[in-house]
Amino acid sequence: MFNFFRQSVPTDASDSRPAPHPAPPSVSPSTKPHSDIQRELVRVVLKDTLRRHGIPSELLTCEVNTIPSGPRGEELHIQLVVMQWHELLLRYARALELQLLRGLDRFEPMVDHTQKCTISWRFSPECGSPFTVLPPPVVWAHSAEAEAAAEEPPSILDRRQKARPPKTSTQAASATAPEAAPRPTNDPDDYERTELSPFR
């Protein structure tokens, strides 16, 4: 009976060390290569989109990050970086985004990239933008009025009230004077006029 209690006591102090914590689960080796493939795909599609539309490739580059999104898997955050300033680039920014998403759809037709991708813009400090200060408020109001006037078609009443240019004298004379009908070539009255000589 005493031997039973004696055996329950650890004979070596090293046996009383706490059990080591389990190692954290390792990241699947397929996750990183998949993210790299997604980044490379976006870069290739962007470069091809710029080339097809004649946009110089040095104007724009991109940075791609993958963001976990629960049951939907991963989302792509595409940040387009303006490297050199060009006003047309921002005027057609939305059209460029749509072309980029369509290019991704061609490579991955089973993926809805409009839901999977988020696109943002960033300006490089060395892009050379001349607009570093906002204009006064009156500029925005004037621009909005000009755009509204350009988009609104003129009404029928406006077209009727529009002053017509005055007619010139030649146009007025031709409008009032009847046009003489041409004589036929075989007209018997068609003769040369004779000049009378003065009496002597």
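## Sheet architecture

The strands S1, S2 and S3 form an open three-stranded sheet, arranged in the order S1-S2-S3 with mixed pairing. Its edges are strand S1 (60–68) and strand S3 (117–123), each of which pairs on one side only. From one strand to the next, the twist averages 20°. The model described here is predicted.

Strands of a sheet pair through backbone hydrogen bonds, in either a parallel or an antiparallel manner. S1 and strand S2 (residues 74–82) run antiparallel and are joined by nine bridges. Asn-65 stands opposite His-77 in S2.

## Helix packing on the sheet

Helix H4 packs on the sheet and touches S1, S2 and S3. The direction of H4 makes about 135° with that of S3.

## Largest pocket

The largest pocket has a volume of about 230 Å³. Its lining consists of His-53, Gly-54, Ile-55, Pro-56, Leu-59, His-86, Leu-88, Leu-89, Tyr-92, Ala-95, Leu-96 and Gln-99. At least two residues of this lining come from each of helix H3 (87–91) and helix H4 (93–107). H4 provides the largest share, three residues.

By class, the lining of the largest pocket comprises eight nonpolar residues, four polar residues and no charged residues.

## Second largest pocket

The second largest pocket holds about 150 Å³ of space. The residues that line this pocket are Phe-131, Thr-132, Val-133, Leu-134, Pro-135 and Trp-140. Five of the lining residues are nonpolar and one is polar, with no charged residues.

Notes
Residues are numbered from 1 along each chain as its sequence is written. This is a predicted model: local features need pLDDT of at least 70, side-chain atom pairs count only at pLDDT 80 or more; totals for chains, interfaces and linings use all residues. Side-chain values use heavy atoms; hydrogens and water are left out. On a 1 Å grid over the protein atoms alone, a cavity is a set of points where a 1.4 Å probe fits but cannot get out, and a pocket is an open set with protein on both sides within 12 Å along at least five of seven lines; lining residues have an atom within 4 Å of a point. Grid points are joined across faces, edges and corners, and a volume is the space filled by probe spheres set on the points. Helices (H or I, at least four residues) and strands (E, at least two) are DSSP runs, numbered from the N terminus. Ala, Val, Leu, Ile, Met, Phe, Trp, Tyr, Cys and Pro count as nonpolar, Asp, Glu, Lys and Arg as charged, and the others, Gly among them, as polar. Two strands pair if DSSP finds at least two bridges between them. Axes are lines fitted to C-alpha atoms, for helices over the stretch in contact, and angles run from 0 to 180 degrees between N-to-C directions. Contact means heavy atoms within 4.5 Å.
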